[in-house]
Amino acid sequence: MKRVPKWRDIEEMMKPGRLTRDGMLGSDPRPLEEIIESDGATVARLGLTHGDIARRLEELTAASMERLGDPVIVEETYEVRVEEARGSLPCPFKHPGRWRKAVTYCRHLPTGESIAWTALGVHMIEAHGFYEGRGSPFRLDPERIARLLAPRASSEKADPAEHNGIPRPSARRQGAGLEPDDRNATG
Ligand SMILES: [Zn+2]
């Protein structure tokens, strides 16, 4: 893949202390394109799309939204709690719009394993196929998501061209209400 300056700019935004304190690339030495490509291959191998995974995360977040801050048992399998901080974050891929600083903490009761995601993280999965770099605190390993959260495959076909990290002007929105409609936002 040809490396265009855009990728460097995006990586710059993902460094610690830029958009977030810890950054989004962790200790991953691979270039951003390679991280996205590799996770994309994993997701395809799992028979899923980025949209399937994003929908599942939003579904679990939505299930506990009405009791913000308090844990809710969902599907008798997950203890889910949403915490919101003040403020919002822009997308490092330079979408217009901002994402609320909401973190969903989810504990898979049968195994006791925990997994957490942010509203921006869900957006980056859905729109960019980006799950953050290895070692990043909010790295969402697709295999781990598949194992713990059992996302369902939709009938919709994956289109790899849509997920090469190029900002899409009209990313799909699902009903969790965590994200602004970036088609109309001015950022
Ligand atoms: Zn974006």
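## The β2-β3 pair and its sheet

Strands β2 (residues 78-90) and β3 (residues 98-108) are paired antiparallel over 10 bridges; two strands count as paired if DSSP finds at least two bridges between them. Pro 90 has Arg 98 of β3 as its bridge partner. This is a predicted model, in which local features need pLDDT of at least 70, side-chain atom pairs count only at pLDDT 80 or more, and totals for chains, interfaces and linings use all residues. Residues are numbered from 1 along each chain as its sequence is written.

The open sheet holds 4 strands in the order β1-β2-β3-β4, with antiparallel pairing. The edges are β1 (72-74) and β4 (113-118), each with a single partner strand, so one side of each has no neighbour in the sheet. From one strand to the next the twist averages 30°. Helix α3 (residues 50-65) packs on the sheet and touches β1, β2, β3 and β4; its direction makes about 95° with that of β2. Axes here are lines fitted to C-alpha atoms, for helices over the stretch in contact, and angles run from 0 to 180 degrees between N-to-C directions.

## Overall layout

The protein has 5 helices and 4 strands, in the sequence pattern α-α-α-β-β-β-β-α-α. Helices (H or I, at least four residues) and strands (E, at least two) are DSSP runs, numbered from the N terminus.

Of its 187 residues, 36% are buried. A residue is buried if 20 or more other C-beta atoms lie within 10 Å of its own, exposed if 12 or fewer, and partly exposed in between, with C-beta atoms placed from the backbone.

## Helix α2

Helix α2 (residues 32-45) has 14 residues. Its buried residues are Leu 32, Ile 35, Ile 36, Asp 39, Gly 40 and Val 43. They cover an arc of only 130° around the axis, which puts them on the same side of α2; the arc is taken from the directions from the helix axis to the C-beta atoms. The face turned away from this buried side carries the exposed residues Glu 34, Ala 41 and Arg 45. Just after α2, Gly 47 has a positive phi of about 75°.

## Nonpolar core

The largest nonpolar core has 35 residues. Such a core is a set of buried Ala, Val, Leu, Ile, Met, Phe, Trp, Tyr and Cys residues joined through C-beta atoms within 7 Å. Those with the most contacts inside this core include Ile 53, Leu 57 and Leu 140. The largest share, 6 residues, comes from α4.

Leaving aside neighbours within four places in sequence, Leu 57 is in contact (C-beta atoms, placed from the backbone, within 7 Å) with Trp 117 and Val 122.

Conventions: The expected span of a helix is 1.5 Å times one less than its number of residues. Two residues are in contact if their C-beta atoms, placed from the backbone, lie within 7 Å.
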